Amino acid sequence: MKNYFLLLCAAFFLFASSNPAQSSPIKRYDKTTKTCRIFTHATLWAGYKIFVNNCKICHYRGNKQGVKFIYTESKVRKGWNRVFAERYPVCAKNGSWGSLTEEQIARLNDYLYKNAADTYDPYDATDCG
Ligand code: HEC
């Protein structure tokens, strides 16, 4: 019985480590702070709220100001990292991000990176719901 259990464990380990479906990464190298950032559900949720409360107020679909509609899949991972490392958008330069702390900006980057274009993975539990 015990051997059978060990065999099951080994089989599961083999299956888990050879599973070809790559789950989305849960970490990201942040150029600005030169740190490796690990995401959790809680920090990604925080990033989502920062996005809604600080970016979507301008970048919503059909706004009358002519500001581009932006959502997580507007850019691929590299693209989002560049937005935050270089802070090139007009709004980053004119103070529209001004109320955010560096940690909030990094969390926002984590959230957008995690859910960027071409990253949806149906086998990753953090991608559903
Ligand atoms: C006060 C309004 C305002 C807020 C708030 C704002 N933006 Fe912008 N953003 C603009 C305007 C205006 C532009 C330049 C016109 C455009 O590209 O839509 C711009 C441009 C951008 C671009 C470049 C678009 C492109 O072509 O790739 C990105 C990326 C961006 N914003 C991201 C953000 C993020 C992330 C936040 C939240 C931290 C944010 N913006 C908050 C007004 C805003």
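The axes of helix H3 (residues 77–86) and helix H5 (102–114) come within 9 Å of each other and cross at roughly 165 degrees. Here axes are lines fitted to C-alpha atoms, for helices over the stretch in contact, and angles run from 0 to 180 degrees between N-to-C directions. H3 is therefore roughly antiparallel to H5, a label given to angles over 145 degrees. This is a predicted model, in which local features need pLDDT of at least 70, side-chain atom pairs count only at pLDDT 80 or more, and totals for chains, interfaces and linings use all residues. Residues are numbered from 1 along each chain as its sequence is written. Helices (H or I, at least four residues) and strands (E, at least two) are DSSP runs, numbered from the N terminus.

On the H3 side, the contact is made by Arg77, Trp80, Asn81 and Phe84, and on the H5 side by Ile105, Asn109, Leu112 and Tyr113. Two residues are in contact if their C-beta atoms, placed from the backbone, lie within 7 Å. By type, the contact residues divide into 5 nonpolar, 2 polar and 1 charged. In this scheme Ala, Val, Leu, Ile, Met, Phe, Trp, Tyr, Cys and Pro count as nonpolar, Asp, Glu, Lys and Arg as charged, and the others, Gly among them, as polar.

In the segment after H5 sits Asp118, which has a positive phi of about 65 degrees although it is not a glycine. Asp118 counts as exposed, with 7 C-beta neighbours inside 10 Å; a residue is exposed if 12 or fewer other C-beta atoms, placed from the backbone, lie within 10 Å of its own. The C-alpha atoms of Asp118 and Glu73 are 45 residues apart along the chain, yet separated by 7.6 Å. Lys34, also not a glycine, has a positive phi of about 55 degrees. Lys34 lies in the loop between strand E1 (27–30) and strand E2 (35–38) and is exposed, with 7 other C-beta atoms within 10 Å.

Finally, the ligand is surrounded by 15 residues, the closest being Cys55, Cys58, Lys68, Pro89 and Cys91.

Terms used:
A residue is near a molecule or strand if its C-beta atom, placed from the backbone, lies within 6 Å of it. A residue is buried if 20 or more other C-beta atoms lie within 10 Å of its own, exposed if 12 or fewer, and partly exposed in between; C-beta atoms are placed from the backbone. Angles under 35 degrees count as roughly parallel, over 145 as roughly antiparallel, 65 to 115 as roughly perpendicular and the rest as oblique.
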